[in-house]
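Let's take a friendly walk through a protein model, one piece at a time. Keep the picture open beside you as you read.

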Amino acid sequence: MRKSLYRIGLDHQYWYVFTMEAPPLVVHAGVGVHGINTAREVFLLPDLWQLHLYGYHAGYAVDGVDYQIRPGTVSLVPPATTVEYRYRGRSEHLFMHFRMPGRRDPLVRDAGDALPVLRELMRDAVASLPQSPTRSAALVWAALWRVSDLAESSAVWRHPAVEVVVRHIEEHLAEPLVVAELARKAGVSHNHLTRLFREQVGDTVVGHIAARRMARALHLLRASTLTAAAIAAAVGIPDLQAFNKACRKTFGASPRALRGATR
């Protein structure tokens, strides 16, 4: 089951499978204003998912499980799930109601560092819906990937140093990448980073860099008209002879043969 199609993980004691292969169908989105005439609300959407980003403190229950929400809390609730709010006065939240395949147990999380991006995506989705439902759906889809990352963070337990290094590698494949320097950037020792990569990535740092370079090289060989020399430089292998050798070792064929196989 490919990660590009599904987000799979463990959220506390609950398993979830949430299909992400196509944008959601956004039925309604907006800014909900509550807590003015009543301090308690209970409701259920039989056929729609709910994505909420909160800007207030309140009590919250999902199918009888209690939470405390505060500014920056995000919730993702599947269809046919009863939710209860206990407000402390006027309360506003961004909401998205949508249809999407898949199932999962409710998610309630602090958005953390994702909050600014998540808030902007959801605000844009609200503003776009009347004139461009397709754009709104794309924005909600992007927001759902962010929320899915929050859920996955409690299931994957990937060390922050690994996240820092993986991201740096992806953004700097064309540059020299030295393990000791990557470890310093992540704030851990060389040996600790090596151990973390073996445990959490299943490869050495050097092996991961090589694999990512060759994956990008293969894409460029098949999808672009860049010369082999330009592709080699773009993935951090400025020596064309070394690039040819790496292609043969990884794919069993020369760059020319790899490119010709797609013609």
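Which residues of strand 6 are buried on one side, and which on the other? On one side they are A58, Y60 and V62, and on the other G59 and A61, so that both faces of the strand are covered. Buried here means under 20% relative accessible area, exposed means over 50%, and partly exposed is in between, with a 1.4 Å probe and protein chains only. Strands (E, at least two residues) and helices (H or I, at least four) are DSSP runs, numbered from the N terminus.

Before going further, note that this is a predicted model, in which local features need pLDDT of at least 70 and side-chain atom pairs count only at pLDDT 80 or more, while totals for chains, interfaces and linings use all residues. Residues are numbered from 1 along each chain as its sequence is written, and side-chain values use heavy atoms, with hydrogens and water left out.

Back to strand 6, which spans residues 58-62: five of its five residues are buried, so it is largely enclosed by the rest of the structure.

Now look at the partners of strand 6. Two strands pair if DSSP finds at least two bridges between them. Strand 6 pairs with strand 7 (residues 65-69) in the antiparallel sense over five bridges, and G59 stands opposite Q68. Strand 9 (residues 82-86) also runs antiparallel to strand 6, joined to it by four bridges; here A61 stands opposite E84.

Two residues lie between the strands in the hairpin of strand 6 and strand 7, where D63 takes a positive phi near 50 degrees. A80, in the loop between strand 8 (73-77) and strand 9, has a phi near 60 degrees, again a positive value in a residue other than glycine.

Next come the aromatic rings. Rings of Phe, Tyr and Trp (its six-membered ring) pair if their centres lie within 6.5 Å; planes under 30 degrees apart count as stacked, over 60 as edge-to-face and the rest as tilted. By this rule there are nine aromatic pairs. In one of them, the ring centres of F43 and Y85 are 6.1 Å apart and the planes are at 10 degrees, so the pair is stacked. Since F43 lies in strand 4 (residues 40-44) and Y85 in strand 9, this pair ties together parts that are 42 residues apart in sequence. F43 is partly exposed at 26% relative accessibility, whereas Y85 is buried at 0%. Both belong to one aromatic cluster, together with Y54, Y56, Y60, Y67 and Y87.

Finally, find helix 8 (residues 240-251). Which of its residues are buried? They are F243, A246 and C247. In general, an α-helix has 3.6 residues a turn, so residues three or four places apart point the same way. On the other side of helix 8, Q241, K245, R248 and K249 are exposed. Among the parts covering the buried residues are helix 6 (205-223), helix 7 (228-234) and helix 9 (255-260), where contact means heavy atoms within 4.5 Å. Just after helix 8, G252 takes a positive phi of about 75 degrees.
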